[in-house]
Amino acid sequence: LSSLASTQECACSRGTRASQRPEHLQLQQRSGATLVKHRTHSFSLTVAEMSSQVLSLFWDLAAVQQEKRAIAAESLITALKEAEKAKPSGDEKSADLEYAMKRLVRGLASPRDGARQGFGAALIEVLMAFESVTPEWILDQMAESMQIHGSLKGPEQRDVLYGRIVGCAAIIRSARVPGLAAERRKDVVGRLLSELLECAQRKSFLQEMSAALVCDLLGQLSAEELQSCAWPALSQLYEHSIDSWSPHVLMIALWLSRHMPRAVLAALLPHVPLAKPGGFFAPTNLPALLGPLKGASCVHPRLHSVWDEVLLHLTKKSTAPNGVEQPASGVHDGQAKKADQKKGKKSHEASVQPEATPADSQQVGLADAGPLRSFWQTVVDE
C-alpha cells in the first residue's frame, strides 16, 4: 500500500498537519447531500446512496503517518467490495466505487503531506481489486481533473504535475497493462508514455521520476512491443547525438540496451555507434557520455538513478524479456557465443578441475574490470 512513497521523496510538503479534522470539512449530514465539484462539471450523491463509512476514510488516506494511511486504504477496499456486492444487477459500478475513484484521482494533486502517497496507494489497490475500473478510465479522469492551463500558479501547476505522475505510477504498478488486449494495451502504453514524457518536459525535477516509471512500464512489455508500442513515443528523445542527451534520456536508453538485441537498437539509433564491442560503453563512445553524466549531478547529494544502469552495464549480467541472459556491455558478442558453445561440453571435467585460488580469482576480476577501468579513466577521472 505504500509502494508509491519512494516516488514522492522530492515533493514539497505544503499541507497543514492536524490531528483532528476541521469542523468545516466534516460531512454535512443535515444537508442530505454531498456535492463534489470538478473543473468541468459536478455531480451529487445523497447520503443514503453514499456510504458514510467510505466517506470517512478519505481524510485518513492523506494522513502523515504511513500506518494510518495503510489502514484507511485497506478499509476502503473492504468497504468498496461490500458496496459492489450490494449494487443493482444492471449497474456496472456501485455508487460508492464511482465516487471513490473520482475522489482518489482528484486527491493525487492535493498538496497535503501524505495525500499523494495515500491516494496513490489506494488507487493501486482499487485497480487490482476491481476489473470494472480500467486504466483508460483513470487516464480520462486525470485528463479531466488535472489540466494544465495558464491560470494555474506555480505551486498549483507543480501539484497537478505530481498528481499526473503518481496517477501513471498507480496504473503501471497495479500490473493491469500486461493483461489488456493487444489494441487496448498499445493505446494505454502510448498514453502513459506521452503523459510521463510531457511531465518530464515541463519540469526538469520530474525527469528522473518519469524515466524510472517509463522503465517500469517498458519492463511489462515484450521485445516486439518495445518496438511497436513504446518506440514511437520514445523516438523523439533520441533525435540527437549522445552528448546532447539529458541523464533521464540516457537512463532509458541504457535500459533498452539491456533488454533489446543490440542489432535492433542499433537500427533504431542509426546515429549512435552501437555495433562496436561494448555498445554504449565502447571506448569511442565514452567521451560522449561525459555530458549526460555530468548533468546527473543535478540531484546532488543523492546519486542519480542513471548510475544504477551504468553499473549494471559495467559489472553485471542482465536478463532479456525472453529469459535469455545477456552478457554485460563490456563483453563482445563473439565471446558470448563462444562461451555458449563451450557450455555443457565436457561437463564431466568440471568435477576434476582444481578449485580456483585467490590469485586466479584476482586475475579474473582484473580482466573483467577492463570496461569499468576504461570508463572510470575517461569519464570519472576526466
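Predicted model: local features only at pLDDT ≥ 70, side-chain atom pairs only at ≥ 80, totals over all residues.
Colleague: Let's start with the overall picture. How many helices and strands does the protein have?

Modeller: There are 17 helices and 4 strands. Of the 382 residues, 43% are buried. Among contacts with a separation of 6 or more, 70% are between residues 24 or more positions apart.

Colleague: Which residues have the most contacts inside the largest nonpolar core?

Modeller: Leu-234 and Phe-280, in a core of 98 residues. Helix 7 (residues 154–173) gives the largest share of this core, with 10 residues.

Colleague: What is Phe-280 in contact with, leaving aside its neighbours within four places in sequence?

Modeller: The list includes Ile-242, Trp-245, Leu-254, Leu-265, Val-272 and Leu-289, and also Asn-285. Phe-280 also belongs to one aromatic cluster with Trp-231, Tyr-238 and Trp-245.

Colleague: On to charges. How do you know that Arg-191 and Asp-140 form a salt bridge?

Modeller: The closest N and O atoms of this pair are 2.8 Å apart, and the rule asks for a distance within 4 Å. The two residues are 51 positions apart, with Arg-191 in helix 8 (residues 182–202) and Asp-140 in helix 6 (residues 135–145). A search of the whole structure finds 17 salt bridges.

Colleague: What makes Arg-164 and Glu-198 a salt bridge?

Modeller: Their side chains meet at 3.2 Å, N to O, and the limit is 4 Å. This pair links helix 7, which holds Arg-164, to helix 8, which holds Glu-198, across 34 residues. Arg-164 has 7% relative accessibility and therefore counts as buried, while Glu-198 has 29% and is partly exposed.

Colleague: Which parts of the chain does the salt bridge of Arg-302 and Glu-208 tie together?

Modeller: The distance for that one is 2.7 Å, N to O. Arg-302 lies in the loop between helix 13 (286–295) and helix 14 (306–315), and Glu-208 is in helix 9 (residues 207–218), so parts 94 residues apart in sequence are tied together. Arg-302 is partly exposed at 43%, and Glu-208 counts as buried at 10%. Elsewhere, salt bridges that share partners join Arg-164, Glu-195, Glu-198 and Arg-202 into one network.

Colleague: Now the rings. How many aromatic pairs are there?

Modeller: The count comes to 8. Phe-281 and Phe-375 form one of them, with 5.7 Å centre to centre and 70° between the planes.

Colleague: Why is the pair of Phe-281 and Phe-375 called edge-to-face?

Modeller: Edge-to-face applies to planes over 60 degrees apart, so the angle of 70° qualifies. Phe-281 lies in the loop between helix 12 (262–268) and helix 13 and Phe-375 in helix 17 (residues 370–380), so this pair ties together parts 94 residues apart. Phe-281 is buried at 8%, and Phe-375 counts as buried at 2%.

Colleague: What makes Trp-307 and Phe-375 an aromatic pair?

Modeller: Their centres are 6.1 Å apart, and the rule asks for centres within 6.5 Å. The planes make an angle of 75°, which is edge-to-face. Trp-307 is in helix 14 and Phe-375 in helix 17, 68 residues apart, and both are buried.

Colleague: Last one: which residue lies over the face of Trp-59?

Modeller: Arg-112 does, at 4.1 Å from the ring centre, where the distance limit is 6 Å.

Note on methods: Residues numbered from 1 in each chain as written. Heavy atoms only, no water. Core = buried A, V, L, I, M, F, W, Y, C linked by side-chain atoms within 4.5 Å. Buried < 20%, exposed > 50% of the residue type's maximum accessible area, 1.4 Å probe, protein only. Contact = heavy atoms within 4.5 Å. Phe/Tyr/Trp six-rings, centres within 6.5 Å; stacked < 30°, edge-to-face > 60°. Lys NZ or Arg CZ within 6 Å of the ring centre and 35° of its normal.
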